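Trainee: I'm new to this one. Could you walk me through how to read it?

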Amino acid sequence: MATGMGTQTVLQVSGLSTIYPTPRGNVEAVRGVDLALDEGDVLAIVGESGCGKSACLLSIMRLVPHPGRVIAGSVMFQGRDLMKLGARDMREVRGRDIAMVFQDPMTTLNPAFRVGDQIAESLRVHGLLPGFPASLARRSRAREREMVTELMRQVGIPSPETRHLEYPHQFSGGMQQRILIAIALACKPRVLLADEPTTALDVTIQAQVLELMREINETTGTAIVLVTHDLAIAAEFCREVAVMYAGQIVEQGPIDAVLEDPVHPYTRGLLRSIPRLGERKPLTPIMGEVPDLAALGPGCSFAPRCEARRPCCDISQPELVAVDGRRLVRCHARRD
Ligand SMILES: Nc1ncnc2c1ncn2[C@@H]1O[C@H](COP(=O)(O)OP(=O)(O)O)[C@@H](O)[C@H]1O
Ligand SMILES: [Mg+2]
């Protein structure tokens, strides 16, 4: 369902399924997710906390923490299935071709190293700077500093000529996230996976970081997957949205269509739970709780919370099918 300006598919995810084994049983964090991303696409994945958004991105990157694992599916990138690559090839893809930005910058940046050195390290890993011992030569040190400060400038960090010598704690949360984006961009990736990159930031800074990602998308054609629990951010930033619930995509389509006329009862509930600009009406959160992904029943996983529930909803799982020619919906009670 790629709808961006590019025509070439850069990433094709099919039937992706991931579990986390636990003493209670296998948590089915991702259940048969399909996604296609064209060059220049900006896709939002939205859904409540715990619905499998992070697990989905980590699966694509093959970074699911042990003992979690991908149990099915393929991720095609440049003619290769990433799920079948050897560890070394996969390390090359990570960063060089597909980069990821996480929610909390401080957990990713190393507090003990200067930010300039951390950006340089990323350039070195991707072969854009010579490795040790060549990097000790004076000329390559100068070249290194030039590339690092240029990247810092690109992501809007003021005075990079001096600030590249500073440590992460000397930067605000927003600036730290910019540094991480600089690291992610060091290799000019074809795809950027951003997992709630602005959640830890205040609203003004949030807008600046999103604006930065938009610029990158527009100038380089880097396709972006933005995971967020915030529909307002998705609306602002993305052309296409996939709504996730209990490890599955339940509705996907152009952002305008989904926001103006949501079909899935879960999407409708999510929309009711966000304030509209200038509106003072109390929010209506969705009743009930996200189901236990280690104990899913045979029916629709949203049925226990659903306003449109029918008898069949407890018996069988709905398929993801095309509705009104523009989007996909997984619901027994959908209109056709
Ligand atoms: N390391 C882990 N071990 C066991 N379960 C996990 C682990 N990480 C995530 N989960 C479970 O997987 C499901 C999906 O989690 P996650 O992908 O983090 O959701 P989201 O990013 O949408 O908030 C949740 O039920 C969560 O509790
Ligand atoms: Mg998450």
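Trainee: Which residue follows α1 with a positive phi?
Mentor: That's arginine 62, with phi near 55°. Helices here are DSSP runs of H or I with at least four residues, strands are runs of E with at least two, and both are numbered from the N terminus. Keep in mind that this is a predicted model, where local features need pLDDT of at least 70, side-chain atom pairs count only at pLDDT 80 or more, and totals for chains, interfaces and linings use all residues. Residues are numbered from 1 along each chain as its sequence is written, while chains are lettered from A and ligands numbered from 1 in the order in which they are written.

Trainee: Is α1 mostly covered or mostly open?
Mentor: Call a residue buried if 20 or more other C-beta atoms lie within 10 Å of its own, exposed if 12 or fewer, and partly exposed in between, with C-beta atoms placed from the backbone. In α1, 8 of its 8 residues are buried, among them Lys53, Cys56 and Ile60.

Trainee: What surrounds ligand 1?
Mentor: A residue is near a molecule if its C-beta atom, placed from the backbone, lies within 6 Å of it. Here 15 residues surround ligand 1, and the closest are Tyr20, Ala29, Lys53, Ser54 and Ala55. The largest share of that shell, 3 residues, comes from α1, while β1 (9-22), β2 (25-38) and α1 (53-60) each supply at least two.

Trainee: How do I read the strand β9?
Mentor: In a regular strand the side chains alternate between the two faces of the sheet. In β9 (residues 240-245), Glu240, Ala242 and Met244 sit on one side and Val241, Val243 and Tyr245 on the other, and all are buried.

Trainee: Which strands pair with β9?
Mentor: Two strands pair if DSSP finds at least two bridges between them. Strand β3 (residues 42-46) runs parallel to β9, joined by 4 bridges, and β10 (residues 248-254) is antiparallel to β9 over 6 bridges. Look at alanine 242: isoleucine 45 stands opposite it, and its bridge partner in β10 is glutamine 252. β9 and β10 make a hairpin with 2 residues between them, and alanine 246 in the turn has a positive phi of about 50°.

Trainee: What does alanine 182 touch?
Mentor: Two residues are in contact if their C-beta atoms, placed from the backbone, lie within 7 Å. Not counting residues up to four places away in sequence, alanine 182 touches Ile119, Leu151, Met152, Gln154 and Val155.

Trainee: Why is threonine 267 classed as buried?
Mentor: Threonine 267 is buried because 26 other C-beta atoms lie within 10 Å. This residue is in helix α11 (residues 265-272). Neighbours within four places in sequence aside, threonine 267 is in contact with Val243, Glu251, Val258 and Pro262.
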